[in-house]
Amino acid sequence: PASMLQGMESRFRQAEKKLDSLAEANPTAKWLNKVRSVLPNQPLLAPEIDPDVLSTVQECLLADEQIEVDYLGMDVAEPHRLRLNPLGLVNRGPVTYLVATAWQYSDVRLYVLHRLSGAKRTYEVSTKPDDFTLDAYIASGALQFGNGRNLSLKARIDEHLARILAETPLSDDQRIKDDILTATVLDTWQLQWWILSQGNAIEILAPKL
């Protein structure tokens with residue numbers, strides 16, 4: 001959280017100076033200069049998030065408090081007021097999502113953080129769905145915009161795509177025989193986007209998407 005990070009910045013700077021001073025004598029100190037993580041898709045610039053909104057959301061999430069916000073949906077012209085029960089924050093590429101329930105409802109939804117404004121602490125205890133965990137929610141395919149259900153995918157693929165999927169499978173039970181691919185995968189928008197991105201390299205045999 002930003003409130004905690006501010007108090008730790010001086011220690012981070014001190015640690016960086018210490019690593020710099022050790023770099024000549026200790027190769028381990030150079031490790032951070034030798035590793036990077038690169039996303040395998042078209043780079044997009046991160047949207048701007050109001051720092052006050054971010055700080056308030058983080059404070060309410062940490063304190064298990066409800067938060068009152070104005071939220072601007074994708075297909076509306078004006079924001080509307082919501083009272084949210086924050087459950088987690090998730091970065092998906094350049095976009096950060098607030099996982100939360102609204103009002104007294106129990107269905108968990110995603111709220112794009114940069115579309116929040118006027119965030120206000122309520123100092124009221126938030127409610128949490130029974131047995132909710134952030135890891136289980138992500139594993140359900142929610143961040144791939146799915147319905148939480150699996151489907152049995154069967155497709156004809158070309159040799160090039162077969163080689164790629166042999167190295168990086170779609171699932172643990174994936175099988176490729178001749179030019180036929182079978183795999184159990186989550187039914188998500190992300191899956192459909194991936195299929196469309198393959199062009200003529202893939203022909204879906206089942207199910208109908």
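W103 sits in the loop between β3 and β4. Helices (H or I, at least four residues) and strands (E, at least two) are DSSP runs, numbered from the N terminus. The model is predicted: local features need pLDDT of at least 70, side-chain atom pairs count only at pLDDT 80 or more, and totals for chains, interfaces and linings use all residues. Residues are numbered from 1 along each chain as its sequence is written, and side-chain values use heavy atoms, with hydrogens and water left out.

**Backbone.** Most residues other than glycine have a negative phi, and most peptide bonds are trans. W103 has a positive phi of about 55 degrees, although it is not a glycine. W103 is partly exposed, at a relative accessible area of 40%. The exposure classes are buried (under 20% relative accessible area), exposed (over 50%) and partly exposed (in between), with a 1.4 Å probe and protein chains only. D64 is not a glycine either, and its phi is positive at about 55 degrees. D64 lies in the loop between α2 and β1. Its relative accessibility is 47%, so D64 counts as partly exposed. A cis peptide bond joins A206 and P207, with omega at about -10 degrees. P207 belongs to the segment after β9 (202-206).

**Cores.** A nonpolar core is a set of buried Ala, Val, Leu, Ile, Met, Phe, Trp, Tyr and Cys residues joined through side-chain atoms within 4.5 Å. The largest has 24 residues, and V57, L84, L98, Y111 and L116 have the most contacts inside it. Elements giving two or more residues to this core are α2 (51-63), β1 (65-71), β2 (80-92), β3 and β4. The largest share, 6 residues, comes from β3. A second, separate core has 14 residues, including A155, L161, L165 and L191.

Which residues does Y111 touch? Leaving aside residues up to four places away in sequence, they are Y71, L82, L84, T96, Y97, L98, A100, A102 and L116. Contact here means heavy atoms within 4.5 Å.

**Aromatic pairs.** The structure holds 6 aromatic pairs. Rings of Phe, Tyr and Trp (its six-membered ring) pair if their centres lie within 6.5 Å. Such pairs link Y97, F145, W189 and W193 into a cluster.

**Pockets.** On a 1 Å grid over the protein atoms alone, a pocket is an open set of points where a 1.4 Å probe fits, with protein on both sides within 12 Å along at least five of seven lines; lining residues have an atom within 4 Å of a point. Volume is the space filled by probe spheres set on the points, which are joined across faces, edges and corners. For lining classes, Ala, Val, Leu, Ile, Met, Phe, Trp, Tyr, Cys and Pro are nonpolar, Asp, Glu, Lys and Arg charged, and the others, Gly among them, polar.

| Pocket | Volume | Lining by class |
|---|---|---|
| Largest pocket | about 710 Å³ | 10 nonpolar, 5 polar, 1 charged residues |
| Second largest pocket | about 240 Å³ | 8 nonpolar, no polar, 2 charged residues |

The largest pocket is lined by 16 residues, and P40, N41, R92, G93 and Q190 lie nearest its centre. β3 (95-102) and α5 (189-197) are the elements that give two or more residues to this lining. α5 gives the most, with 4 residues.

The second largest pocket is lined by Y71, M74, Y97, V108, R109, L110, V112, R115, Y137 and F145. Strand β4 (residues 109-112) supplies the largest share of that lining, 3 residues.

Methods: Rings of Phe, Tyr and Trp (its six-membered ring) pair if their centres lie within 6.5 Å; planes under 30 degrees apart count as stacked, over 60 as edge-to-face and the rest as tilted.
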